[in-house]
Amino acid sequence: MTKQFASQGDMTEKTITFDEVGRGLWAFTAEGDPNSGIIIGDDSVMVVEAQATPRLAEKVIERVRSVTDKPISHLVLTHYHAVRVLGASAYGAGQILMSDAARAMVAERGQEDWDSEFQRFPRLFEGHESIPGLTWPTTTFRNRMSVYLGNRRVDLMHLGRAHTAGDIVVHVPDENVMFTGDIVEDHSACYCGDGHFADWGPTLDAIAAFDVDAIAPGRGGALVGKDAVARAIASTRDFVASTYRPAARVAARGGTLKEAWDAVRAECDPKFADYAIYEHCLPFNVSRAYDEARGIDTPRIWTAARDLQMWQALQG
């Protein structure tokens with residue numbers, strides 16, 4: 001291998017920001033590391049995204065306690081990836097919510113994804129020894145459900161496949177603010193290794209139709225104001241399309257994965273090379289785009305061994 005695999009060499013601690021994106025609504029962000037969200041209700045708090053380990057979750061809890069002493073009653077996981085969910089035990093939430101499809105991904109590929117992500121990005125698993133096991137939801141739903149934190153209604157919705165098959169968004173109607181998970185990113189590469197390229201654009205359309213006043217994205221800074229929201233949705237759409245188009249052209253003519261890699265780099269590098277985790281995501285994104293273009297609808301399961309085989313094939 002000509003360079004370190006994925007993000008094994010990224011050991012730089014990121015600066016945390018904690019921005020209010022609406023009344024009682026906060027975005028915990030960290031320079032392209034996974035974000036979390038905070039929704040303060042009348043009597044309790046909902047956290048969106050758990051972080052990768054209980055130790056990292058404590059950094060979120062510390063920020064929660066800087067703005068409220070209300071108990072954390074609900075933890076919402078917008079999708080299944082180990083880096084998002086394995087810190088769940090730290091919150092002590094009585095309810096852990098996921099979509100039905102996200103729970104199915106835990107059952108299908110939970111341990112494999114954990115092993116794979118731990119190998120890819122060790123810094124994000126600080127305190128990994130404190131993880132008690134896979135995170136399972138207490139409550140799931142198919143398309144939509146509402147949770148009431150006192151009088152504050154929070155709508156959880158599966159608007160379509162995108163970053164994974166099980167993505168949901170969290171909408172707070174009284175402030176018209178949305179937490180999108182990794183469906184929307186800001187100046188950060190989309191991880192598409194378990195994605196659905198053909199569905200991602202229509203799902204972004206469904207988010208745009210809410211005409212929200214702010215978004216807390218999966219990675220990148222808080223998006224406050226309609227202009228910032230529109231810009232991030234447009235750049236996410238461009239990233240996904242620019243990844244899929246060249247890979248699909250190569251697949252259509254029977255080209256190789258390495259040829260798809262070269263074609264995607266030619267289109268994406270000039271626009272996105274300075275995005276957070278761009279180099280990390282690119283090989284997984286190209287592999288998935290190439291598979292989808294060849295008719296593989298369900299993303300193949302990433303394992304620690306498959307990761308390295310793919311990486312070596314693309315470095316030659």
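1. L156 stands opposite V170 in β10. Strand β9 (residues 152-157) pairs with β10 in the antiparallel sense over three bridges, where strands are taken to pair if DSSP finds at least two bridges between them. Elements are DSSP runs numbered from the N terminus, helices being H or I with at least four residues and strands E with at least two. The bridge partner of M157 in β10 is V169.

2. The model is a predicted one, in which local features need pLDDT of at least 70 and side-chain atom pairs count only at pLDDT 80 or more, while totals for chains, interfaces and linings use all residues. Residues are numbered from 1 along each chain as its sequence is written, and side-chain values use heavy atoms, with hydrogens and water left out.

3. On its other pairing, β10 is joined to strand β11 (residues 177-181) by three bridges, and the two run antiparallel. V170 stands opposite F179 in β11. Four residues lie between β10 and β11, which form a hairpin. In that turn, N176 has a positive phi of about 50°.

4. The side chains of strand β10 (residues 169-172) deserve a separate remark. V169 and H171 point one way from the strand, whereas V170 and V172 point the other way. All of these residues are buried, that is, under 20% relative accessible area, with exposed meaning over 50% and partly exposed in between (1.4 Å probe, protein chains only).

5. These strands belong to an open sheet of six strands in the order β8-β9-β10-β11-β12-β13, with mixed pairing. Its edge strands, β8 (144-149) and β13 (223-224), each pair on one side only.

6. D211 is not a glycine, yet its phi is positive, at about 50°. With a relative accessible area of 45%, D211 is partly exposed.

7. A further open sheet is formed by seven strands in the order β1-β2-β3-β4-β5-β6-β7, and its pairing is mixed. The edge strands here are β1 (17-22) and β7 (139-141), each of which pairs on one side only. On average, neighbouring strands of this sheet are turned by 20° against each other, direction ignored.

8. I40 stands opposite V45 in β4. β3 and β4 form a hairpin with four residues between them. With strand β5 (residues 72-76), by contrast, β4 pairs in the parallel sense over four bridges; the bridge partner of M46 in β5 is H74.

9. The side chains of strand β4 (residues 45-48) are all buried. V45 and V47 point one way, and M46 and V48 the other way. The loop between β4 and α1 (54-65) holds Q51. Q51 has a positive phi, near 80°, in a residue other than glycine. At 8% relative accessibility, Q51 counts as buried.

10. Strand β6 (residues 95-99) pairs with β7 in the parallel sense over three bridges, and S99 stands opposite F141 in β7. Helix α3 (residues 100-120) lies across β6 and β7 and runs at about 95° to β6. Such angles run from 0 to 180 degrees between N-to-C directions, and the axes are lines fitted to C-alpha atoms, for helices over the stretch in contact.

11. Helix α6 (residues 257-272) and helix α7 (residues 278-293) pack at an angle of about 135°, with their axes 10 Å apart. α6 and α7 are therefore oblique to each other; angles under 35 degrees count as roughly parallel, over 145 as roughly antiparallel, 65 to 115 as roughly perpendicular and the rest as oblique. Their crossing is right-handed, meaning that the near helix is turned clockwise from the far one by less than a right angle.

12. In this contact (heavy atoms within 4.5 Å), the residues of α6 include L257, W261, V264 and F272, and those of α7 include Y278, L282, P283 and V286. The residues of the contact divide into eleven nonpolar, one polar and three charged. Here Ala, Val, Leu, Ile, Met, Phe, Trp, Tyr, Cys and Pro count as nonpolar, Asp, Glu, Lys and Arg as charged, and the others, Gly among them, as polar.
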